[in-house]
Amino acid sequence: MGLSNTIYLAAYAIALLVLISLGLAVIFGMMKVINLAHGEFMMLGAYACVLCVDAGVPLWLSVLLAALALGLFGIVVERLIIRFLYGRIVDTLLATWGLSLLLVGGVTTLLGPQGRSVTTDFGNVSIGGINVSSYNLMLIAVAAAAMLVTWLLAQFTRFGLLVRGTMQDPVIAGALGVDRSIIYMATFGYGSALAGLAGAVLVPITGASPTMGLFFVSKAFITVIVGGHFPLMGTLAASSLFGAIDGVVSYRWSSVLGEVSVLVVAVVLLRLLPLGITGRLRRGL
Amino acid sequence: MSHQEFASDAAVPPSRWWWLFVAILAAGIALTPSYTDAALQLDVSVIFVFALLALSMGFLWGYAGILSFGQTIFFGLGGYGYAVLAMNAGTTLWPLVAAVVLPMLFSAVLGYFIIYGRISDIYLSVITLVVTLIFEKSIRSTSGPDYVIGSVRLNGQNGIPGIPALQLPWDAAAPLSFDGVFYLAGAAALLAYVGLRLLLLTPFGRILVGIRESEKRMELLGFDARAYKLGAFVLAAGIAALSGALYAIWGNFVSPEMFGLNQAAQVVIWVIVGGRSTLIGPIVATGLVQYLSGWLGTVGVGQVTLVLGAVLLVFVLVFPKGLLPTLGGLRWPRRRSRERRRG
Amino acid sequence: MEFSRRQLFRTASGALAFGSTATLLSRAGLAAAEPIKVANILDKTGGLNIYSLKQMKAVAMAVDELNAAGGLLGRPVQLIFYDSQSNNQFNSQYATQAMVRDKVDVLQGGVTSSSREVMRPIVDKFKGLYFYNALYEGGVCDRRHVSTGMVPAQQLEPLVDYVITEKKAKTAYILAADYNYGQITSKWIQKFVRAKGGKDLAVEFFPLDVTNFAPVLSRIQSAKPDAVYSALVGDAHMAFYRQFESTIGKKTMVLASGTYGAGRENAALSPQENDGILIATSFIDTLPTDAARSFVERFKKYSGETDYVGEYGEIGYRGMMLWAEAVKRAKSPKPDDVIPALGGTTFNGAGGLYTIDGQTNHTIMDIHICAGNTKGGFDLLKSFSQRQPADTQAVCDLHKNPNDTKQYEPAL
């Protein structure tokens, strides 16, 4: 139980936060849309993954398929609902809340209330004399990969350039001939895919159940708000801070204390930096 | 946000018809208990209680342009405040008063940070939402026997049951029964509605509307916009806290869900379904949404959430201005054009 | 007798009555008599519905079987169902509606202790009768309330006894959900572990939405207990059983739980994750008795579902039938007539003999120690016969204080 184990627990807690918040952060940072159905998007991703695995698809492929499916689902939602509501922040909130209820009710009706699992056989490895699930280590890698891919997309592709431009100044970007509608659609799809990825990759740990979104949504919210409006930097900063606090405090003392200390830090931070950690920054990602 | 979406009848004294409307409402509230059973009174009482909460948000948004998603902070504080004080004190009247005043003091502090920190726009909305979630989580983690205020255990997740109903000051032995709670909640909702409407006639109300229209202009005219906004914030917190205390009286229980995301989102829904341009809209919408979910729970439609979600989704896409303004726009096109000519 | 589930849905007095079709009633010659009304308030929707869905069908089945057998006291039984949507506000509204508008003779239901504490004062106020069908922390002392589920003393003492004497696992690490039930239950486990000569190494509480159990799994491995006791509850906490299996495994450490199975966790987890976990319960589908086999068979036919039924399904049937027996003894469905007849009422049910203890209005029952298997179910290891609700008996005596309505927290 030495330092190595503490580092592992902190890294794992950070990875979890990054996974559950990145999709929300991308959509909020880019479009100032608060997707109240974010948790349910994760839930759909989880079910997509379970259904794929049940059909005999290997887990890693199921996770990717789930992310892809949620990306497409996000695009459909954006076209059918969100795009009519740009600039009407509150209406998007209402619409996504309605969507979240609809999805919970719909999935319960179609697939039943009972949670579903997949069988994983990853075994465990010893860190500092303590067995940890190998899958948890992979989860840390997936979270890092999700951040990296998002950064590469934004930094090195033409599409990323357009997205960053639109984010910095939508009006000028529009005047320069950027089709904002397409940019928003794609961003929403990408954020949804990240939510789906998170839900799917968490299946071996949390399973899939219709109401699972509730467990994540307020954590994701607080992370995104404290992070501020730059999705990548904000998510990374807030997740690292909260994850490290939660991981270390939960390990040394208890889970309850871990959650409480995160909240206290969140309140203090919001007082000091009301627009979030990245709120004062003019440029960034 | 375009100006027409807000209450445009700002400083005009209400018409005779409005007073007649208020009188009919008052008579309706006075007469209902004689003709209905306790179950209906209970159902309608909770609608009045929630109407106060909706009014609190609707007023803040419609009059002062402050879009707070966290009125449940004060709703929950009011409920818990009444529960803890009344159960400790063994009496109920001053705990009710304190349950409104204490959250107002807290709102003054919170509002000071937010408004004087010049946080506005969506950040204000989201920060208030996060604060209410933080309250929810904190209250949820108080289930151990160490979390006691006076003689009352906070009870975490389970909430506090067995909260005493309000006792009449002249007869402490007789706690309010269903019709008493009905009168109390009905009177509170009606008074808050009338009071807020008449507030528009006062200088405070006019200045608030002025700030909503253009904060810069009002500051150039020498008004301290922040002080007025803080005043509105505290007033709205008081209304929400009253709603929370009445909720505790209504159901004899409080629980952490009062602070929760679901409750917070419901308030937003009432106000949006009702439309922010009137004060009566959110009240009507509260009644409709509450009635709908109460009714759905007894008719066996399968998943209530499925139906409710679909209704909301259709609503926001088809009636974006809210129910009453949309209906009003259909019914009174002539009057509006006449007003425009006059103007 | 052939009837599909769909046929059973019928609305009456604005509320969903499901149970007994008109043809069924007329065949039994009951259509003319005035019905005895039963309210069932459960969470068909929302996060708590994993505890409710089997139960509401089992209650409906009980009502249909009563009607098919000639009703109660020659009158048909009418079931009115209300969906409290996992929201206590609706528990309050529907309980009042049931008492005032529908004027029911008994109210059954409520899943959580908080929903019970919202509805119980309402039933008291309108002088009704309330059956609470769930396992809970014990201590409610109210003659208008009957608990048909297990309380800690009944359930946990045999479990701890089995773990320590048969599995030779003396040191214990206790995990519990962070609310009243978990707090009280964990104290009982500590007490029993010490009483049997074991040692409790640590007790930890987890908020109901925690899904990350990595920190506690590390701590457990450092503490090296012989057994881990879980009083974890709900969907999120199911993650613990998954993560336990992938890091420690039940081959190297005993995992015992009083709550596992109530939310049909065994049906949601994978076979390896279910395999070997020790539970104490009043009913499993695979009890080797004719009563259990017959109940499971009838339920599956009735509901059209083939998956695991479990204790929270059977307990709804148990509650209805115990009440019906009490009505027969009282020769009247009126609450104030039924209440004196409650004590000593017995029902020979699927999990064994159930007897209402008149001192506490709690239920004396058999407790079965079982182990999870790889088929998503449980195997019976040992049964403890006719366990008394001793914890509640220590603080509650309705014979002496018939007007008591408190919930006591047992002093330990």
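Predicted model: local features only at pLDDT ≥ 70, side-chain atom pairs only at ≥ 80, totals over all residues.
Residues are numbered from 1 along each chain as its sequence is written, with chains lettered from A and ligands numbered from 1 in the order in which they are written.

For chain C as a whole, the mean pLDDT is 89, and 92% of its residues reach 70 or more. Chain B has a mean pLDDT of 84, with 89% of its residues at 70 or more. Chain B also has stretches where pLDDT stays under 50: one of them is residues 1-5, for which the model has four contacts beyond four places in sequence. Another is residues 331-343 of chain B, again below 50, and this stretch has zero contacts in the model beyond near neighbours in sequence. As for the complex, the predictor gives an ipTM of 0.82 and a pTM of 0.86.

Now for how the chains meet. Chain C puts 35 residues in contact with 36 residues of chain A. On the chain C side, helix H2 (49-68), strand S9 (199-206), helix H7 (214-223), helix H8 (238-247) and helix H9 (265-268) each supply at least two residues. Helices (H or I, at least four residues) and strands (E, at least two) are DSSP runs, numbered from the N terminus. The largest share of the side of chain C that touches chain A comes from H7(C), with seven residues. By class, that side of chain C splits into 16 nonpolar, twelve polar and seven charged residues. In this scheme Ala, Val, Leu, Ile, Met, Phe, Trp, Tyr, Cys and Pro count as nonpolar, Asp, Glu, Lys and Arg as charged, and the others, Gly among them, as polar.

The contact between chains B and A takes 31 residues from chain B and 36 residues from chain A. Helix H5 (121-140), helix H10 (261-274) and helix H12 (304-318) of chain B each bring at least two residues to the side that touches chain A. That side of chain B has 23 nonpolar, seven polar and one charged residues.

Inside chain B, look at helix H3 (residues 71-89) and helix H4 (residues 93-116): their axes come within 8 Å and cross at roughly 140°. Axes are lines fitted to C-alpha atoms, for helices over the stretch in contact, and angles run from 0 to 180 degrees between N-to-C directions. That angle makes H3(B) oblique to H4(B); angles under 35 degrees count as roughly parallel, over 145 as roughly antiparallel, 65 to 115 as roughly perpendicular and the rest as oblique. Residues that H3(B) brings to the contact include Phe74(B), Gly78(B) and Tyr82(B), and those from H4(B) include Pro95(B), Leu102(B) and Phe106(B). The contact of H3(B) with H4(B) divides into 14 nonpolar, three polar and no charged residues.

Further along chain B, the axes of helix H6 (residues 178-199) and helix H9 (residues 225-251) come within 11 Å and cross at roughly 170°, which makes H6(B) roughly antiparallel to H9(B). Val181(B), Leu184(B), Ala185(B), Ala188(B) and Ala192(B) of H6(B) meet Ile239(B), Leu242(B), Leu246(B), Ile249(B) and Trp250(B) of H9(B). That contact has ten nonpolar, no polar and no charged residues.

Chain C has a helix pair too: helix H3 (residues 88-101) and helix H4 (residues 113-125) pack at about 25° with their axes 9 Å apart, and are therefore roughly parallel to each other. The contact of H3(C) with H4(C) has six nonpolar, six polar and no charged residues.

Finally, the hairpins. Strands S15 (residues 362-372) and S16 (residues 378-387) of chain C pair in the antiparallel sense over seven bridges; two strands pair if DSSP finds at least two bridges between them. Met365(C) has Arg387(C) in S16(C) as its bridge partner. Five residues lie between these strands, and Gly376(C) in the turn has a positive phi of about 80°. In chain A, strands S1 (residues 124-127) and S2 (residues 130-133) pair in the antiparallel sense over four bridges, with Val125(A) opposite Val132(A). Two residues separate S1(A) and S2(A) in their hairpin, where Gly128(A) takes a positive phi near 60°.

Methods. Contact = placed C-beta atoms within 7 Å. pLDDT = per-residue confidence, 0-100.
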